[in-house]
Amino acid sequence: RLKSKEGCEIPAYTENSSDYRCLSFSLWNISFIKFEELLRKNLTLLYGFNFYEQEKEGRWMSDNGVIYLINNSQLSKVFIKLESFKRNRTLYVLVQNRSYAFEIPVNERKTISFAVFPENETEIKLIAFPTCEIASEKDKRCLSIFIRELKVMSINELIKEKKAIILSMTK
């Protein structure tokens, strides 16, 4: 049960409306996963706040968002293939007391990457600058960054991949 200490807003009192409902919260795009279920899985990536629903080719972010990496048991590298909406942006990534800044050009796909150390739960904060823009007259979502692909590779997977590339080059 959610309860606001500040009370509620009644649209009819604040705007030209006939809506006399007492409104305190707006909840949307909520999903529940049992924590035990997360712990049983080897590695899970979860989109936190300010991400829109999954589309055919990826997912839009508003002006900032959080991605959670659950059960990362070894040194890994995160790869994110993305693009910017309508203009060039700088994407700031904050993870495990480190910060990165990536220039994301408009109309161009870019892959960024960074290391993450083993933790049960790693919070990856993404902040876009300039901030988001309304998509269109009909689509009122505020969009900044489109994430096409998000993957995590352990150090062991990266080493295997490099060895396979070296072997194929020597044949």
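A salt bridge is taken here as a side-chain nitrogen of Lys or Arg within 4 Å of a carboxyl oxygen of Asp or Glu. By this rule the count comes to 11 salt bridges. The model is a predicted one, so local features need pLDDT of at least 70 and side-chain atom pairs count only at pLDDT 80 or more, while totals for chains, interfaces and linings use all residues. Residues are numbered from 1 along each chain as its sequence is written, and side-chain values use heavy atoms, with hydrogens and water left out.

Among the salt bridges is one between Arg109 and Glu83, whose side chains meet at 3.4 Å, N to O. This pair links distant parts of the chain, 26 residues apart: Arg109 sits in the loop between S6 and strand S7 (110-116), and Glu83 in strand S4. Helices (H or I, at least four residues) and strands (E, at least two) are DSSP runs, numbered from the N terminus. The two partners are placed quite unlike in terms of burial, where buried means under 20% relative accessible area, exposed over 50%, and partly exposed in between (1.4 Å probe, protein chains only). Arg109 counts as exposed at 52%, whereas Glu83 is buried at 17%. Both also belong to a network of salt bridges that links Glu57, Glu83, Arg109 and Arg148.

Another salt bridge joins Arg89 to Glu133, with the closest N and O atoms 3.1 Å apart. Arg89 lies in strand S5 and Glu133 in strand S9, so the pair ties together parts that are 44 residues apart in sequence. Here Arg89 and Glu133 are both buried. Glu137 and Lys140 give a further salt bridge at 3.9 Å, N to O; Glu137 is exposed, at 70% relative accessibility, and Lys140 is exposed too, at 53%.

The side chain of Ser84 makes a polar contact with that of Arg89 at 3.1 Å. A polar contact is a pair of N or O atoms within 3.5 Å; within protein, one must be able to donate a hydrogen and the other to accept it, and residues adjacent in sequence count only if both atoms are side-chain atoms. The Ser84 side chain also reaches the backbone oxygen of Arg87, at 2.5 Å. Ser84 is buried because its relative accessibility is 6%. Neighbours within four places in sequence aside, Ser84 is in contact (heavy atoms within 4.5 Å) with Arg89, Ile104, Pro105, Val106, Asn107, Ser144 and Ile145.

Gln96 is in the loop between strand S5 (89-95) and strand S6 (98-104), and is buried with a relative accessible area of 17%. A polar atom of its side chain lies 2.8 Å from the backbone nitrogen of Phe117, and the Gln96 side chain makes a polar contact with the side chain of Glu119 at 3.2 Å. With neighbours within four places left aside, the contacts of Gln96 are Ala115, Val116, Phe117, Glu119 and Thr122. Gln96 and Glu123 are 27 residues apart in sequence, and their C-alpha atoms are 7.5 Å apart in space.

As for cysteines, a search of the whole structure finds 1 disulfide, meaning a pair of cysteine sulfur atoms within 2.5 Å. The partners are Cys132 and Cys142, with sulfur atoms 2.0 Å apart. The link is right-handed, with 95° about the S-S bond. Cys132 lies in the loop between strand S8 (119-129) and strand S9 (133-134), and Cys142 in strand S10 (residues 142-143), 10 residues apart. Cys132 is buried at 16% relative accessible area, and Cys142 is buried at 17%.

Turning to the rings, the whole structure holds 5 aromatic pairs. Rings of Phe, Tyr and Trp (its six-membered ring) pair if their centres lie within 6.5 Å; planes under 30 degrees apart count as stacked, over 60 as edge-to-face and the rest as tilted. Tyr47 and Phe51 pair edge-to-face, 4.8 Å centre to centre with 65° between the planes. Tyr47 is partly exposed at 27%, while Phe51 is buried at 3%. Tyr100 and Phe102 are stacked, at 6.1 Å and 25°. Ring pairs also link Trp60, Phe85 and Phe146 into a cluster.

A charge sits over a ring if NZ of Lys or CZ of Arg is within 6 Å of the ring centre and within 35 degrees of the ring normal. Arg59 lies over the face of Tyr47, 4.1 Å from the ring centre, and Arg141 over that of Tyr52, at 5.4 Å.
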